[in-house]
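This briefing sets out the overall form of one protein chain and then turns to selected elements and residues. Please read it alongside the structure shown below.

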Amino acid sequence: MSTPTPGIGRPEQIVHEEKAQLDFSRDMSYGDYLHLDQVLSAQHPLSPDHNELLFIVQHQTSELWMKLMLHELRAAIACVSRDELAPAFKMLARVSKIMEQLVHAWDVLATMTPPEYSAIRPYLSNSSGFQSWQYRCIEFALGNKNPAMLKPHAHRQERHVEVEQALQAPSLYDESLRLLARRGLAVPASHTERDWTLPYAESHDVEQAWLQVYRDPNRYWDLYQLGEELTDLEDTFRLWRFRHVTTVERVIGFKRGTGGTSGVSYLRKMLEVVLFPEIWKLRTDL
């Protein structure tokens, strides 16, 4: 007969000693709080293929992370507009970490091989991540404005309204430039009061304002830190775009996307979009 190892009890004994609650007939449980029945029953593969569940879970979890990202981005933009930079920095740092999470999510989807994706592709019809209304709101919040991107949401009035509001609102970078102007830096009126639905246009004067901050970080410490938070955010966003295009090329090559875009060719064009151009250009000119 073996002798029990000192200090190590049976599982049921450990649970008893910890006084863990086991009866949830009258109290809220973990699953109740998270509404796991609804969350875990929201996966409905259309094909008979084993790998479709991966495809669905990948995109659903990405949308959940984007929900949190939008929550943080909108709050950060509001904080910057009120000159409340300390909480904004915390929120933007969290957004960058969420982007890192989304970057690594492509590693899982990349385990899907071309034959596996080909087996489920016919069942996707014209649905595509290109149509994600949350992603479009994130793009708009970061300043990549394009009114044409409202059209995929016209069939859902409530979503169309939300995306349109994001298009019409000042972006994170717009509010950052307005903050610089309030601090006495020479940001031109063309970049503090403009049609927010238009794409951002790079400005020499804006770069000079940021250069003033970066040449004297001790004097403009919070604005300098804001510039670096913006740099971190765009850095991780670029990584996400790069992993997106490489994963798509790995899985479908140069086929057209299910949403009608040119696929990899379109995604490569998106790699050239710069969200905060003066923040990057000043590094050469310092």
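Accessible areas come from the Shrake-Rupley method with a 1.4 Å probe. On that basis the accessible surface of the protein chain comes to about 16,400 Å², and 56% of this surface belongs to carbon and sulfur atoms. The model is a predicted one. Its protein chain contains 13 helices and 0 strands.

**Overall form**

- From the N terminus on, the elements of the protein chain run α-α-α-α-α-α-α-α-α-α-α-α-α.
- The radius of gyration of the protein chain is 24 Å, whereas a compact globule of 286 residues would have a value near 19 Å.
- Along its principal axes, the C-alpha trace of the protein chain spans about 80 × 50 × 35 Å.
- Among the 286 residues of the protein chain, 40% count as buried.
- Of the contacts in the protein chain with a separation of 6 or more, 69% are made by residues 24 or more positions apart.
- The protein chain carries 31 positive and 38 negative side chains, and the centres of these two sets lie 3 Å apart.

**Helix H9 and Glu-175**

- Helix H9 comprises residues 172–182, and it is mostly covered, with 8 of its 11 residues buried.
- The buried residues of H9 are Leu-172, Tyr-173, Asp-174, Glu-175, Ser-176, Leu-177, Leu-179 and Leu-180.
- The cover over the buried residues of H9 includes H4, H5, H7, H10, H11 and H13.
- Is Glu-175 buried or exposed? Glu-175 counts as buried because its relative accessible area is 8%, and the cut-off for buried is under 20%.
- Leaving aside neighbours within four places in sequence, Glu-175 is in contact with Ile-77, Val-80, Ser-81 and Pro-170.
- Just after H9, Gly-184 takes a positive phi of about 95 degrees.

**Helix H10**

- What span should the 12 residues of helix H10 (residues 204–215) have at 1.5 Å a residue? They should span 16 Å, and the end C-alpha atoms of H10 are 16 Å apart, so the two values agree.
- Buried residues in H10 are Val-206, Glu-207, Ala-209, Trp-210, Leu-211, Val-213 and Tyr-214.
- These buried residues of H10 pack against H9, helix H11 (221–252) and helix H13 (277–285).

**Helix H5 and Ser-96**

- Ser-96 lies in helix H5, and helix H5 covers residues 85–109.
- Ser-96 is buried, with a relative accessible area of 6%.
- Beyond its neighbours within four places in sequence, Ser-96 is in contact with Asp-232, Leu-233 and Thr-236.

**Loop residues with positive phi**

- Asp-83 is found in the loop between helix H4 (52–81) and helix H5 (85–109).
- The phi of Asp-83 is near 65 degrees, a positive value in a residue other than glycine.
- Asp-83 is partly exposed, at a relative accessible area of 34%.
- Ser-125 occupies the loop between helix H6 (114–120) and helix H7 (133–141).
- Although Ser-125 is not a glycine, its phi is positive, at about 55 degrees.
- Which class of exposure does Ser-125 fall into? Ser-125 counts as exposed because its relative accessibility is 52%, where the cut-off for exposed is over 50%.

**The loop between H7 and H8**

- Asn-146 is placed in the loop between H7 and H8, and it is partly exposed, with a relative accessible area of 33%.
- Not counting residues up to four places away in sequence, Asn-146 touches Phe-140 and Leu-167.
- Asn-146 and His-35 are 111 residues apart in sequence, and their C-alpha atoms are 36 Å apart in space.
- Arg-156 also lies in the loop between H7 and helix H8 (157–168).
- At 39% relative accessibility, Arg-156 counts as partly exposed.
- Arg-156 and Phe-130 are 26 residues apart in sequence and 15 Å apart in space, C-alpha to C-alpha.

Key: Residues are numbered from 1 along each chain as its sequence is written. This is a predicted model: local features need pLDDT of at least 70, side-chain atom pairs count only at pLDDT 80 or more; totals for chains, interfaces and linings use all residues. Side-chain values use heavy atoms; hydrogens and water are left out. Helices (H or I, at least four residues) and strands (E, at least two) are DSSP runs, numbered from the N terminus. The radius of gyration is taken over C-alpha atoms; the globule rule is 2.2 Å times the number of residues to the power 0.38. Buried means under 20% relative accessible area, exposed over 50%, partly exposed in between (1.4 Å probe, protein chains only). Contact means heavy atoms within 4.5 Å. Lys and Arg count as positive and Asp and Glu as negative; His and the chain ends are not counted. The place of a charge is taken as NZ of Lys, CZ of Arg, CG of Asp or CD of Glu. The expected span of a helix is 1.5 Å times one less than its number of residues.
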